[in-house]
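Here is a short briefing for a reader who is meeting this structure for the first time. It is meant to be read with the sequence and the 3D view alongside.

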Amino acid sequence: MTRLFKPLQSLVLAVGMAFLAIPLLAGAEVPRPDIPQANARYSEAQGCVEPTEEMRKNHMEYILHQRDETMRQGVRTKQYSLEECINCHVPKPESGKIVRSDSKEHFCSSCHSYAAVKIDCFSCHRDTPMPDAEPGMHRLGGGKGHHFTETETELTADVLRAATEEGLQ
Amino acid sequence: MSEHVDTSRRRFIGGTAGAAAGMSIAPGVFLNQVAQAKPADQPVTSENRWGMLIDTNKCGDGCDACVRGCMEENGWGDINDSEPHSAPEQKAQWIRIVELRDTRTGYAHQLPLMCQHCKHPPCVDVCPTGASMKRADGIVLVDKHICIGCRYCMMACPYKARSFIHEDLQDQLVVAPRGKGTVESCTLCVHRVDRDGADAVPACAEACAAEGHDAFVFGDLNDPNSEISRQLALHGGTEIRADLGLDLGVRYRGI
């Protein structure tokens, strides 16, 4: 076996291994997407309209389902509406600073550019909240017609305070 | 030209759906129903058929308040002036002022023309993807999610009511998503209708009233007690190209 490890061969092997190692090292250094924080919580218990893990995996299903119901049947609940996603997850356009969907600071693009999944929502839909939008209509289930018209809940000051102390996520 | 339009093909294709709709709109069922907006989580139904009556006699000479109102509400035209490479005739035009002149007498007047929200919309007939659609409550829309931009509907529309967007847009309004490669037209301010029901006032009607002309009446054609039905029963109304038998949602007086 020792005859295989002649000096020249060793050199070739070493160089080859070094090249192999580069992508491995680089892979370890790929930065995780920096996902901007939403500006409100959905409830005391959970940040988004469904548990975060569920939303990360299946948000497109919720949006697609809502899309067809709204478009075809005029169902305009807000829980899974794209408008409310944007209102909560994207900062309002301020003077000199507009976070658009082609920026990595945009909530959707922060992850979609990382995952290399193209979205075309924003070729037609607005990618920022309207100037008069109420930020965080999801706050603790508040907001008129937020879930379903029949089951709007009154929220106590205690719940509000608890959520504020816990901080927005 | 024959008054009768042969809808046998339509009946053949949409037979089942038609039968279901016919049963649900039995006469008298909603005679005394109090007008109220549907809950946000309920689908629209064929109990309502939204329509508009426009009295062109009240239409102000040279006034385009309805067009401006529509632009502001839905974010097209000057309001979202992001079609710099399109010629004026290519740009979006959800509602336009049409001038009518009697060549013999010289008498001229004008009317606002937009999607007429037909009961039998030709745009829906020809659409190859199902993007061009009519809701149960009679509002004709384009589902831009599945519109491929073929523009057959634009050719089929007898009222030239639809526009095609040639360029990338930005900062659309939330109530009116619109974008490159899709066709669009008047939505009868569907976002207001879904919110306010029979009390809804489309932006064109609102702007017209604000101007003091009050030429528009919006309402439920299926409800015999609605303002629009009462006025139509009392004074009648004209459909543009009634000979096509499309049963329009938009009616006119004074033309």
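The model is a predicted one, and the secondary structure of chain B comes to 8 helices and 9 strands. Of the 255 residues in chain B, 38% are buried. When contacts in chain B are counted between residues at least 6 apart in sequence, 62% of them join residues at least 24 apart.

**A sheet of three strands**

- In chain B, 3 strands form an open sheet with mixed pairing, and their order is β8-β1-β9.
- The edges of this sheet are β8 (216–220) and β9 (250–253) of chain B, each of which pairs on one side only, and the twist from one strand to the next averages 20°.
- Strand β1 of chain B, residues 50–55, runs antiparallel to β8(B) and is joined to β8(B) by 5 bridges, with I54(B) standing opposite F216(B) of β8(B).
- Helix α8 of chain B, residues 227–235, packs on the sheet and touches β1, β8 and β9 of chain B, while its direction makes about 110° with that of β8(B).

**Helix α3 and its surroundings**

- Helix α3 of chain B, residues 65–74, is mostly covered, since 7 of its 10 residues are buried; among them are C66(B), C70(B), M71(B) and E73(B).
- After α3(B) comes G75(B), whose phi is positive, near 70°.

**The packing of α3 on α7**

- The axes of α3(B) and α7(B) lie 7 Å apart, and the two helices pack at an angle of about 130°, which means that α3(B) is oblique to α7(B).
- The crossing of α3(B) and α7(B) is right-handed.
- The residues of α3(B) that meet α7(B) include A65(B), G69(B) and E72(B), and those they meet in α7(B) include A203(B), E206(B) and C208(B).
- By class, the contact of α3(B) with α7(B) has 7 nonpolar, 1 polar and 4 charged residues.

**Contact with chain A**

- Between the two chains, 20 residues of chain B are in contact with 18 residues of chain A.
- The side of chain B that touches chain A has, by class, 8 nonpolar, 4 polar and 8 charged residues.

Notes. Residues are numbered from 1 along each chain as its sequence is written. Chains are lettered from A and ligands numbered from 1 in the order in which they are written. This is a predicted model: local features need pLDDT of at least 70, side-chain atom pairs count only at pLDDT 80 or more; totals for chains, interfaces and linings use all residues. Two strands pair if DSSP finds at least two bridges between them. Helices (H or I, at least four residues) and strands (E, at least two) are DSSP runs, numbered from the N terminus. Axes are lines fitted to C-alpha atoms, for helices over the stretch in contact, and angles run from 0 to 180 degrees between N-to-C directions. Two residues are in contact if their C-beta atoms, placed from the backbone, lie within 7 Å. A residue is buried if 20 or more other C-beta atoms lie within 10 Å of its own, exposed if 12 or fewer, and partly exposed in between; C-beta atoms are placed from the backbone. Ala, Val, Leu, Ile, Met, Phe, Trp, Tyr, Cys and Pro count as nonpolar, Asp, Glu, Lys and Arg as charged, and the others, Gly among them, as polar. Angles under 35 degrees count as roughly parallel, over 145 as roughly antiparallel, 65 to 115 as roughly perpendicular and the rest as oblique. A crossing is left-handed if the near helix is turned anticlockwise from the far one by less than a right angle, and right-handed if clockwise.
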